Structure formats: structure tokens, C-alpha cells
Amino acid sequence: MKKRKRSKLVKGKPASSGIGIGKAWILEDRRLMVHPDKIEPADVSVNIDKFQRAVDALLYEFEELKREADEDVADIVEAQIQTLKDPELHKLIREKISQELSGVEYAIYTTFNGYIRMMEAAAPDWLDERTVDITSLRNQLIAVIRQKKQKVSVHEGAVVFADEIPPTVMIELSRNKIAGIVMQRGGLTSHAVILSQSLGIPCVVGVNWKKYPICKGTDVAVDGTRGELILRPSEDELQQFKVEQEQQREREKLEAEAAGSDHQTACGASFTLQANIEFLAELPRLTQKGARGIGLLRTETLLFEKRGFDVEDQVSFYSKVLEASAPGDVTIRLFDAGGDKLLEGAEEEANPFLGWRGIRMLLDRPDLLKNQLRAIYKTADKYPGRVRLLVPMISGLNEVQEVKRRAREVYDELSGSVQIGFDDVPFGIMIEVPSAALMADLLAGHVDFFSLGTNDLIQYTLAVDRGNEKISNLYDPHHPAVWKLLEMTRRGAETQSIPVSVCGEMASQPAAAACMLGMGIRELSMTTQAIPGIKALLCSRSLEEMKKLSRFVLSAHTSADVKAAFSDFMKENDSVDRDQIKSG
Amino acid sequence: MVKKTVKVLNEAGLHARPSSVLVKNASQFSSDFTISMYGYKVNGKSILGVMTLAAEHGAEMELIFEGPDEEEAASRICSLFENKFENKSS
């Protein structure tokens, strides 16, 4: 035994945040060795019997798993059950045994492989994803027959190393308190990663760990936030990790406490902080971070994940979001694709930000728009009073009226099968195109709420493409003109007494958030990470101070003036930990 | 024997979820159910078969039902296609 092995830092992709320290446990690479044995005709029925009993045993196990599991896990298991019961699969396997005189293991192996090959060769991505599930079934059936059903006896506190982890194995693993997961493969939307995130198990993927000398029991420290791990960490490194782990736990505890407290300024004025959400994987963090609902649910992933943007797939997606964010409300933004988020089949445009996207695209694609509206109304019916509809890139009244008309059409088509009224689903628009801000008072009379998309508003107003490195410093959220438009929007909303919120990045900038509150914008939506920090700030200052700040900002002449005002405001903040805000 | 021609109306084609719904419903009937698409035939009660068909949006297929409840089966399955495999109840 070597006296002192050096520690090794290995980098991968962060898949699920958190720190995990433990001993390695390797999930066997299920590269089965199956022999093409031939059997005697007399043994045919014995072999068929073995197959049937293996199927029954797995079915029993899966049915149990399904019973104890929550909805999405149950769906995954249900799919496995359907496959296990597949009549063609059974027929082919039996034939292989009785006609080709193959042993049961080989019959199973080759039949499954036939399907796997077909799936890998097929065009759609979603089919490819299924091969992990099918391969897992194949291996589990054979393991049952060999009576070597790996009981996944991982020890508590282990760091699991695997090539990739099939869903049912992931579920079993998660029952033990494992410290972390390191996978060679595993996309960020794979079942294993999604489950890691919802279970809070640190996970790093894309790591070619096999080339390192890792065996069962090797000490490992995993950082799922940075996407790194250290093999055989030294005392110092271990200390560092432990400190980091403690800090994380402390932070989480504070956040959980803060999350429960009211959204109130020091003087008792209330405000609401919500989350901007794009992926289901972000949902578990909502309550922990103290979000009171979802101010912006981006829906483009439905278009790009190719999981299908059928009405039912959408309803299922939206429902998951609604479940995870109870009792808060959820504002669903219609597909804002085109531009930088190229829709399949869309041509490249010279100027995508000023191009065919958002509501313009939707109005040209009535089928897409209809489907989404339909899915939203159906979801709203399942969760009455909690769903709001948001239209992107509105530039004038015509568009508002046209979308409303189509929404009404879709609603009327559904009216037999839903309980909610058309007006029960608030109809709102993004204020991101300057023309909409300039006409806010008029538009306010035609919609139920505004949501300020400051990212794009700034780009359009200052004529700056944020992605253009040459001029990206001109993208300036401190520019007085931007604040004037915010104020114009707010006043427009006020004339008709409709709510207005901000969902752009500006809302997560501390002084800016305070300024917005001072102006009278009380609803802010931002990335979940930012919520605790902003909450801490807003709860520690009085509305009077924030009003003072906003008065100054709205009469400022230059960005420098606004920046200085923000800086002064923050300096007053002795009671709040500067770092806490920055990292918020 | 009952034969019906249907079209896949789902924008994303007959992917995992609709395939699952199709097979679940078809398996409730005792009649045999075959899907014929562009010369390729699969057992409509086989989830692996239906999934590997990977029928795309707009694909036409012939549904063949044979058995004591063939009329009922045909009617149910056809309406699934017509409704894009949506749930009727909210």
C-alpha cells in the first residue's frame, strides 16, 4: 500500500448542487456476458417458464415502486411496466426459445437488442432516450434469472460512480442516504439528473472517471455546484470542503427561515417576490428560497425539448409547475421563440431581435398558438385562480385585440368541458417594446396586468445588442431613460388599477429593486437564487428611503447619477451583510 | 374485420406519451389490432412496436381490428387519434 497517494481534482459538468463527502461506490457497468447457448427441445418449457417468472417478479417490484412514488416517478415506472407486458416482446422471446432453441438469457438479450438497435437508429431524439430504460429492463430480467439481482446495496453516505443511472435504479439508490453521484453520461434532462435535483443529491456529470484508480471505499469529495470532485482529498482539501458544506447548510437554514417570513419592508409595506422559472428541475428550490409563486414561466423548452408540445404534454408540464408552487400563482408566458431562440424551420434573420418572434410568430402560427392557449385554459381549470396568461413582445393595441380574440375562440371551444370563466384567467402583456411602454395608459384598459421585461426593454430603448461585445457596455440598466419608461408603464397601469410587475434581470439588482418598490412597483420576479438576498435587503429598509431613492433616480440626468444614488443607498445598509446580497 | 385510415394530428408525432395512451386503450379490447404504415405493420398493443414506428405529424396509417369487439375498439382508437390523444376530462 502506497504511503500517501496524491489527491486528484477532476472536473465535470455541474448537474445538481451541493457538497458531498463520502466513500466511492461503483455501480456495476452492466455490460452483461450472455452466451449464445442452445438448449434441448425438452428444456423449452422450463426456459419459457423462467422468463415468465422473471417478468412476474419484476412486475411485482415495479407495481410496488409505483405505489409509493410521486407522480413523475410513477409515470416513469408505468412506462417500464407497459414494456414488460408488451405482447410482441413476449412472443419474440418465446419463439427464440421454442423455435431457435436459445437459452432464456440469450433469447431475452437478443430480442431486447433488436429493439434497442431500432431505437438508436431512428431519427427522433426522444426515442434514443428510451434506450436507457429498455437496456435497464433487459439487464434486470437477466439478473433475476441468474438470481443475481443486484440489491443495490449501496452503503450510507456513499458517493456513487456510474456510467449512467437508469430511472428505477436511481429510485432505489435514493432510498439510501447517498452523499453524491458522479456519472460519465447523463444529460441535464435525463431522469437521473432530474431526480438528483429534486432529492437534493449533489451530482456531477460528464466525468470520465474510469481512467482514474477509483475503487470501492476511495475517499471522494463532490462539489455539485461547481461540477468538480476530488479523489482522495488531502486533509486541507477535506477541511475546505467541510467548511463549504457547513456554510451551505447554514445558508440553507437561514434561507428556509427567511422564506417563511413575510415580504414586508422595515416599515411594514408589503411586496411580493416571485421566481422566473424555465425548467422543472428548478422547482424544488422554490419554497426553500421563499418565492411566492412564479412571476414568469418560460415555455420555450417545450418547443425545443421535442418532448412534444401537444396540448396534453403542455398540461402535464404546467401542472407539475402548479403543483410545486402551491399556493402561489403562476404566470405562463406564451412561446417567445424566434430571434435567438430559433424555431425549427425559421429562416435566419439579419436582425432577429427586431424580427419574427414572440407574438408576431404566434399570430403567424395559429396552430401553435391555439394549442398553447388550449393547454393554458385546461390547466387553469385544474387550478382555479392560480394561472395567469402572459403575451410576449406586444408593440401595440392591434396585437392585443387579435390575441384576445383568438383566446376567446379557444375558450369558447372548450367551454363545455371547463368550469372556469374566460375572465378567471388574467390576460396580461409583456412591456418590453418601447412603444408599449409609451402607450401603457391605453393598453392598460385592454389587459389585466403588465409584466416589465426589462432585459429587452433596455436593448430596444438604448439600441444595444447585449450580445455584441463591441458595445455591450452600453447596455445600461442605470440609464435614466429606462427608468422613465418604467415610470410611464407604472403610471399607465395605475390609471386602470392593474398590477404591474418586473420580471427582468433588473429586479434582481438590489438597489434597483428598492427603487422599483419606491416607485410603487411592488411585484418583482427573478431567478430563484436571487430571491433571498433581495428579500433580506427589502425587509431591512423603509419604504420612505426607497421612495426617496426613486424620486432622485427619476429626475437624474445621467447613468452616473443613478449609479451614485444606488451606491449611496447601499452604503446606508450597515445591518445587511454585503456578501449576502452579492451572492443572493 | 374493421379497417380505418387515420392521420397523426399531434404536432410532435406519436411520441412516448401518445404511444402509451394508444397501447393502454387498445389493450383493453380483446380484438387484435394492427397498425399498417407505409407498408410496415406492427401490433398495436405492443408499446415497443408503436414507439419504434415513431410516426410523425401528418403520417397516415391504417388501423385494422379483428375480433368480437372490433367495432367498439375501432371507434375508441379512432377518436383518440382525432382528439390528438388529449384527455377529455379537465
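How many Å² do chain A and chain B bury between them?

1. The two chains bury about 2,400 Å² between them, 58% of it on carbon and sulfur atoms; buried area is the accessible area (1.4 Å probe) that two parts lose on being put together, summed over both. This is a predicted model, in which local features need pLDDT of at least 70 and side-chain atom pairs count only at pLDDT 80 or more, whereas totals for chains, interfaces and linings use all residues. Residues are numbered from 1 along each chain as its sequence is written, chains are lettered from A in the order in which they are written, and side-chain values use heavy atoms, with hydrogens and water left out.

2. In contact (heavy atoms within 4.5 Å) are 29 residues of chain A and 27 residues of chain B. The side of chain A that touches chain B divides into 12 nonpolar, 5 polar (Gly among them by definition) and 12 charged residues.

3. Between the chains there are 0 salt bridges (a side-chain nitrogen of Lys or Arg within 4 Å of a carboxyl oxygen of Asp or Glu). Residue pairs in polar contact, both at pLDDT 80 or more, number 8; the criterion is a pair of N or O atoms within 3.5 Å, one able to donate a hydrogen and the other to accept it, and residues adjacent in sequence count only if both atoms are side-chain atoms.

4. Chain B holds an open sheet of 4 strands in the order β1-β4-β2-β3, with antiparallel pairing (strands, E, are DSSP runs of at least two residues; two strands pair if DSSP finds at least two bridges between them). Its edge strands are β1 (2–7) and β3 (40–43) of chain B.
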